[in-house]
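The following exercises are to be worked with the sequence and the coordinates at hand. Each task is followed by a solution in steps.

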Amino acid sequence: MAITVKTVRRRPEAESSYVRATLKGMALTFQHLFQKKWTMEYPEQTAAPDWKLSGRWRGTHRMAVTETGKAKCVACGLCPQVCPANCIRLIPGEDEQGNRYPLVYEIDEFRCVFCGYCQEVCPEEAIHVGVHYQNAEYSRSAFVYDLERLMQQTHPVSTLWDPSDPKGQ
Ligand code: SF4
Ligand code: SF4
């Protein structure tokens, strides 16, 4: 393939003006002073009616429970298998009737990348990422949520991304 050279014509100095460009930039900035503000102050404005997270926000997990108060998880092993961060620890157990349940179920929220795959893959709709973000802790170990803690979470669960409704309307 032949090599070609493209000649770029620069504007003569007389036609370009840094002053004009600077004034245009300042005019644009000035316009924004009178437009609606899209940023809000945290935590001062968290009580304001406009302060809300999208239903598709993916935050701290929540384990659904049955009517009898047990975890809905049947320890199928799909979520630790699909987790890209390898942050779910599951040790399955089985009762006398052959029903599987999690002996140990932990999620390290510090390693989690909040992809939502665990929620998507779960056949029991047991594990969910939640619409929640105020989860600061003082130690790394406190970010490892065990089954009991996951079951105690009460925040709303994420609706994730629906391909038939890409804008979430
Ligand atoms: S949201 Fe993603 S990274 Fe986090 S526990 Fe679930 S599958 Fe793993
Ligand atoms: S995918 Fe659901 S049922 Fe299976 S181990 Fe994970 S939480 Fe339990």
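Buried denotes a relative accessible area under 20%, exposed over 50%, and partly exposed the range in between (1.4 Å probe, protein chains only). Helices (H or I, at least four residues) and strands (E, at least two) are DSSP runs, numbered from the N terminus. The model is predicted: local features need pLDDT of at least 70, side-chain atom pairs count only at pLDDT 80 or more, and totals for chains, interfaces and linings use all residues. Residues are numbered from 1 along each chain as its sequence is written, ligands are numbered from 1 in the order in which they are written, and side-chain values use heavy atoms, without hydrogens and water.

**Exercise 1.** Determine which way the residues of β4 point and which residue is the bridge partner of G59.

Step 1. I127 and V129 point to one side of β4, H128 and G130 to the other, and all are buried.
Step 2. Strand β1 (residues 59-63) runs antiparallel to β4 and is joined to it by 4 bridges; two strands pair if DSSP finds at least two bridges between them.
Step 3. The partner of G59 in β4 is G130.

**Exercise 2.** Identify the residues with the most contacts inside the largest nonpolar core.

Step 1. Such a core is a set of buried Ala, Val, Leu, Ile, Met, Phe, Trp, Tyr and Cys residues joined through side-chain atoms within 4.5 Å.
Step 2. The largest one has 20 residues, and M63, C87, I88, Y105, I107, I127 and L150 have the most contacts inside it. At least two residues each come from β2 (88-94), β3 (100-108) and α4 (147-152).
Step 3. Beyond its neighbours within four places in sequence, M63 has contacts (heavy atoms within 4.5 Å) with residues including Y105, I127 and L150.

**Exercise 3.** Is E125 buried or exposed, and which residues does E125 touch?

Step 1. E125 lies in the loop between α3 (117-121) and β4 (127-130).
Step 2. Its relative accessible area is 55%, so E125 is exposed.
Step 3. Not counting residues up to four places away in sequence, E125 touches A64 and K72. The C-alpha atoms of E125 and K72 are 7.7 Å apart, although 53 residues separate the two in sequence.

**Exercise 4.** Characterise the shell around ligand 2.

Step 1. Residues count as near with a heavy atom within 4 Å; the shell includes C73, C76, C79, Y105, C122 and I127.
Step 2. Ala, Val, Leu, Ile, Met, Phe, Trp, Tyr, Cys and Pro count as nonpolar, Asp, Glu, Lys and Arg as charged, and the others, Gly among them, as polar.
Step 3. The shell therefore divides into 11 nonpolar, 1 polar and no charged residues.
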